[in-house]
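Here is a short briefing on a contact between two chains and on one residue's surroundings. Look at the structure first, then read on.

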There are 2 protein chains.
Amino acid sequence: MLDRLHFPSRIDGLGSIRIAQPAAITKTARRGHELVVPDLAAAIRALGLEDGAVLSFHHHLRNGDAVLCAVVDACARLGLRNLHVAASSIFPVHAPLVPHMETGVVTGLCTNFLSGPVAQAVSRGALQKPVVLRTHGGRARAIAAGELVIDAAFIAAPSADALGNISGTEGPRACGVLGYPQCDAIHARKVVAVTDTLADYPVRNIQIGQDRVDLVALVDSLGDREGILSGTTRPSEKPADLEIARLATEVIDASGLLVDGFSLQNGAGGASLATAKAVGERMTEKGVTGGFASGGITGFHVDMLEAGLFRILMNVQCFDLRAVESFGRDDRHQGMSASMYANPHDRGAVVDRLDAVVLGATEIDLDFNVNVTTQSDGTIAGGSGGHADTAAGAKLAIVTSKLTAAGFPKLVDRVGTLTTPGPTVDVLVTDHGIAVNPARPDLHDRLVHAGLAPKAMAELHALAQSQAERAPTRSEDADIVAVSEYRDGAITDVIRRT
Amino acid sequence: MLDRLHFPSRIDGLGSIRIAQPAAITKTARRGHELVVPDLAAAIRALGLEDGAVLSFHHHLRNGDAVLCAVVDACARLGLRNLHVAASSIFPVHAPLVPHMETGVVTGLCTNFLSGPVAQAVSRGALQKPVVLRTHGGRARAIAAGELVIDAAFIAAPSADALGNISGTEGPRACGVLGYPQCDAIHARKVVAVTDTLADYPVRNIQIGQDRVDLVALVDSLGDREGILSGTTRPSEKPADLEIARLATEVIDASGLLVDGFSLQNGAGGASLATAKAVGERMTEKGVTGGFASGGITGFHVDMLEAGLFRILMNVQCFDLRAVESFGRDDRHQGMSASMYANPHDRGAVVDRLDAVVLGATEIDLDFNVNVTTQSDGTIAGGSGGHADTAAGAKLAIVTSKLTAAGFPKLVDRVGTLTTPGPTVDVLVTDHGIAVNPARPDLHDRLVHAGLAPKAMAELHALAQSQAERAPTRSEDADIVAVSEYRDGAITDVIRRT
């Protein structure tokens, strides 16, 4: 056959041509190739990980996740050092990281949310390199841009088959949507599905395909189901929360956005859900059908979907079991990657289509800058997650807050850490009144017209100061232990040792 | 805030740091940004396409597709020349491309399947540059590897919303799975959703997300629904097809592969489905539950799924309306990208997990090389599609064929075009007997043991020659009009002008 292949000049333009010898072509080498290794140590050896490796993890298992620590433990036992943990969030359950930080097994960390003993250890200077705190969209951007290069992504997989197809809806520790590890799966040098539930091939409801996965590592358990998802998430009924919910609903209605197609995001806490509930009641009164609700999704959102208040849910992460069940069953309930959710440098993120987002704050200052990263004593206890992303995208970014917490003022001169820049925050709603960002005179006028009597930020600030019993602590000169990176990669603030 | 940012030396290792000025940060520029343009001309202008651009298209609309020609027409009207059309398949409906080839508007073409008037025009030398014929997996590989760089992917979208989310299951021309354009959406420089059905945001059943789409171009119609999908696809009942189906089933059973977890791919033609039906009946008799059936999926596959013969369908393309309906409803019926289906350089393709594939042939030669690209007169009338991919992946690649067609022998000394190399073909099944590739003595022994009395390939070949009324035509010296590229990028053959 091939002896008659003599290409004339007109075939140029095809680039270099490699002539196949049919007799040398065989069945593909990967045919029947099994990717399963019996444990994490075998996976780490097979990957050839070395000192200094960047290892990534997702947080869909939340405070029940056993995978991150198990991987780092296994690396430590194999003598690896100077690792960089690239997590999407760190929870109290990750406390076993602390000794590894202290002994130099882990010297770098980046995450979108940092809480619990690891946060406290970072704040006291236990990590060699400053932590990089990103937003959910910023992490996706950094990975896609090659700023954050991941050597190995360890993807906790509620179920996986022997070829590496990953499902979030199957298995005893199903967490539903797998929005955060999608960019890791695309861009990491190596991808490991870590599972306690090896399914028959092919697994159902594949969310990350075998074309992205190098190895399947078996573990006894992905973690504690109770910590992964709560049974239910319900709206708060505390009076202060209900007053904030009522005022936030009035602001949304007065803004003119509460028409058919309205889109909303709110957090999963009881106070946030109280606002969602109040907004839903107003939608029912007005006969408004919303376009979508987005973000981390709870059973309460599912209720709203099923009541016809929203046409679609856009879900980057399930917060409870009812959300998992609905996601697996209802095609109006759609998953999305962190990049589709919030990446500012992609072709269009879902947050950019939000009408209203209802956000919390640890502190908010006179310029409407918000801190959800550090406590009043300067200790790290959070991070943006999607806070800065949704504020930047939404037409109406509402920050809700009480005036004080634990004796500290929540309205301050300057935030301890700048997480979300004031120019992206439109309005503050407290249980003592509303303040509109001066950059939004149009919104101010609408609220006045609706009889909501917005106050000056300075007035609410003064009230908070008068009610406070103590002042925030600021470390101005101590070593930098973390930087707060905005969604586009710029550093908005540094966080110092406490 | 920012005047107190003086980074000490220990922050090095973070790379170059850009300090944000919070006052300069604003709401994201894409907030509320609409991507919709009223027609294809507006899209082409907005993209800034130039002479020589590479434009890609998918073939889920099959012989009903109006999008490819509409885009090229619009380019021609705007004066563009020297375009390269990177299609996943070309059908008779694409005949209007021919005049554009003759006038130099289109000078390059690559595709995985080439039929109808465009194929005939290419065969007579109407295109300036040789066509590159790839496999479905090879096209995904070439795109991911940067060998095939796409300037703009025009993705026919049965429904899309104003932010570019694409659904294959919504709209009057729903085609179900969108497996082929997935790699285009990831790798093309620009991506356009072309739709006749603009949905409320967000559209249901998003298969390509807004994070990948630059523009949404409106058209009156994606094409002719009748050409897109047939109402039903049913097994053939012709005696020769039934005999081949019976023998193929015996071969599969004798191979030892017909046990729980068995996986099968077959084509969508009536003869292929007759084999699938016969295999299904054998599975029922033996009480075997298959793992999955893959490939282009028909209503007949859905029947097999619903009858419990297979646990899962892995679908790269729907061939009929029943498959579309099932895909939208049944989570055992899963979509996959062309890359996940068949890319030989990805981390693991579904074809590599196939037990048996049943394939057709225009010609097969003494070395088991198969031609599904050119007719006996040398004219192009097809191409690999998934033929070479599945043969390479499957444990048992069965080629079925009659001995002659239209008076030409189908068993030949040497295939007119080498599409699928003999070393990846295990067995030939004809209505006059079976021949096993000598590279598979194990299979030969199994068939003998099962009483199937395999014949020598030379014997069947001689029988075919004796029944043939005329001989194939071979152009040995004419200009090269196309090259047949194997899935890994090697050229296995050239195709000459007829």
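How many residues does the contact take from chain A and from chain B? It takes 99 residues from chain A and 99 residues from chain B. The model is a predicted one.

**Interface totals**
- Together, chain A and chain B bury about 8,200 Å². Of that area, 51% lies on carbon and sulfur atoms.
- Eight salt bridges are counted between chain A and chain B.
- One salt bridge joins the side chains of K27(A) and D426(B), at 2.7 Å from N to O.
- Across the interface of chain A and chain B, 40 residue pairs are in polar contact, with both residues at pLDDT 80 or more.

**The chain A side**
- Several elements of chain A each supply at least two residues to the side that touches chain B. Among them are the strands β9 (190-195), β14 (290-297) and β15 (310-318), and the helices α12 (338-342) and α13 (387-393).
- β26 (480-485) and β27 (491-496) of chain A also belong to this group.
- β27(A) gives the most to this side, with five residues.
- By residue class, the side of chain A that touches chain B divides into 46 nonpolar, 21 polar and 32 charged residues.

- D184(B) sits in helix α6 (residues 181-187) of chain B.
- Why does D184(B) count as buried? Its relative accessibility is 2%, and buried means under 20%.
- The D184(B) side chain makes a polar contact with the side chain of S56(B), at 2.6 Å.
- Beyond neighbours within four places in sequence, D184(B) is in contact with S56(B), F57(B), R139(B), I143(B), I150(B), A153(B) and V191(B).

Conventions: Residues are numbered from 1 along each chain as its sequence is written. Chains are lettered from A and ligands numbered from 1 in the order in which they are written. This is a predicted model: local features need pLDDT of at least 70, side-chain atom pairs count only at pLDDT 80 or more; totals for chains, interfaces and linings use all residues. Side-chain values use heavy atoms; hydrogens and water are left out. Contact means heavy atoms within 4.5 Å. Buried area is the accessible area (1.4 Å probe) that two parts lose on being put together, summed over both. A salt bridge is a side-chain nitrogen of Lys or Arg within 4 Å of a carboxyl oxygen of Asp or Glu. A polar contact is a pair of N or O atoms within 3.5 Å; within protein, one must be able to donate a hydrogen and the other to accept it, and residues adjacent in sequence count only if both atoms are side-chain atoms. Helices (H or I, at least four residues) and strands (E, at least two) are DSSP runs, numbered from the N terminus. Ala, Val, Leu, Ile, Met, Phe, Trp, Tyr, Cys and Pro count as nonpolar, Asp, Glu, Lys and Arg as charged, and the others, Gly among them, as polar. Buried means under 20% relative accessible area, exposed over 50%, partly exposed in between (1.4 Å probe, protein chains only).
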